[in-house]
Amino acid sequence: MRALVTGAAGFIGSHLAEALLDAGHELVALDAFTDYYDPARKRENAAALDVLEADLLAADLDGLLAGVDAVYHLAGQPGVRASFGPGFEHYVSRNVHASGRLFEAAARRGARVVYASSSSIYGDAESYPTSEETVPRPISPYGVTKLCVEHLAYAHSRTAGLDAVGVRYFTVYGPRQRPDMAFTPMLEALDAGAPFRLFGDGSVSRSFTYVADAVAGTIAAMERGRPGEIYNLGGGEESSLTDAIALAERVAGRRLRVERHGAAVGDVRRTRADVAKAERELGWRPTTPLADGAAGPVGLGRW
Ligand code: NAD
């Protein structure tokens with residue numbers, strides 16, 4: 001199968017692209033190397049890949065999709081905090097507008113799409129563990145744009161026959177994690193003996209998801225997802241940030257210097273994924289406990 005991976009120089013996209021190559025797929029890997037975080041990190045992420053530098057907002061997508069049967073759409077502007085204020089325009093263009101262009105081209109081509117959505121669409125969810133049936137109420141502009149991407153996929157499936165499956169990732173961690181997420185700065189601070197900036201009191205909790213599990217679920221969604229459906233891909237345990245810090249300290253054998261800051265606006269209090277639907281329909285469930293996922297790379301400075 002020939003697949004297009006968008007966001008292939010990003011954290012999850014680079015792991016996904018490598019897994020697809022390992023499985024023998026032909027690949028078109030694309031990334032715009034945006035400066036949401038240092039593009040040098042993205043060049044490192046993509047070191048084992050042949051990534052075409054192109055922006056979904058401008059690229060000739062019909063040309064790129066020639067011969068492509070499967071599209072993994074991971075490109076986007078991530079992060080909750082930066083989606084407030086003037087940065088919001090990037091969330092609209094890189095999430096909403098770029099996805100709309102890609103969905104239209106994929107529908108014309110008849111290619112199946114798996115696209116990245118987020119647990120952020122739930123906001124402070126009405127129930128935990130949170131199933132896909134829960135009413136989405138994002139509390140950040142980022143979450144709003146990801147929910148918009150889901151609705152765009154639906155609109156193009158109804159009007160143009162787009163075959164699209166959504167995956168809602170829950171706080172993915174592992175090697176190459178984005179530097180704006182908790183683990184990367186935590187591990188880098190431990191390694192350098194530098195302070196770690198903790199937002200809030202550490203009681204926020206997450207269904208942390210190991211990146212290899214997220215990748216396996218994404219491929220399962222392409223292979224077995226029902227057209228139009230959306231699946232939670234979340235880790236099996238819920239852990240507070242305080243517990244995650246304690247775990248990292250245990251593994252590193254060192255104390256973390258914590259610098260406390262006020263709670264970050266737009267961060268939800270907790271996430272806990274109900275993955276029964278993914279288990280039933282995709283035959284997928286997370287297999288890496290946080291303790292195992294966090295253990296290996298600590299001390300390397302960068303995962
Ligand atoms: P990332 O920022 O590392 O990767 C996204 C990549 O998309 C970047 O390399 C960026 O340069 C590229 N990109 C952005 N706009 C583009 C455009 N217009 N054209 C081409 N490339 C473009 O982020 P990530 O953590 O790997 O996340 C991947 C996807 O998963 C994103 O859609 C994100 O919203 C979603 N997601 C991630 C998490 C997580 O925990 N990491 C959780 C929920 C959802």
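Author: A polar contact is a pair of N or O atoms within 3.5 Å. The model discussed here is predicted.

Reader: How far from an oxygen atom of the ligand does a polar side-chain atom of Tyr-142 lie?

Author: Tyr-142 is among the residues that come nearest to the ligand. The pair to look at is a polar atom of the Tyr-142 side chain and an oxygen atom of the ligand, and the distance between them is 2.7 Å.

Reader: How much of the accessible area that the ligand has on its own does the protein cover?

Author: On its own, the ligand has 820 Å² of accessible area.

Reader: Which element gives the largest share of the shell around the ligand?

Author: Elements giving two or more residues to this shell are α1 (11-22), β2 (26-31), β5 (112-118) and α5 (141-160). The largest share is three residues, and it comes from β5.

Reader: How many residues of the shell around the ligand are nonpolar?

Author: There are 30 residues around the ligand. Six of the shell residues are charged and seven are polar, while the nonpolar ones number 17.

Reader: Is Arg-176 buried or exposed?

Author: Arg-176 sits in the loop between β7 (172-173) and α6 (183-192). Its relative accessible area is 18%. Buried means under 20%, so Arg-176 counts as buried.

Reader: Which side chain does a polar contact of 2.9 Å join to that of Arg-176?

Author: Arg-176 belongs to the loop between β7 and α6. The side chain at the other end of its 2.9 Å polar contact is that of Glu-18.

Key: Residues numbered from 1 in each chain as written. Predicted model: local features only at pLDDT ≥ 70, side-chain atom pairs only at ≥ 80, totals over all residues. Heavy atoms only, no water. Near = heavy atom within 4 Å. Polar contact = N/O pair within 3.5 Å; in protein donor to acceptor, adjacent residues only side chain to side chain. Areas by Shrake-Rupley, 256 points an atom, 1.4 Å probe, with all protein chains shown as cover. Helix = DSSP H or I, 4+ residues; strand = E, 2+ residues; numbered from the N terminus. Nonpolar A, V, L, I, M, F, W, Y, C, P; charged D, E, K, R; others polar. Buried < 20%, exposed > 50% of the residue type's maximum accessible area, 1.4 Å probe, protein only.
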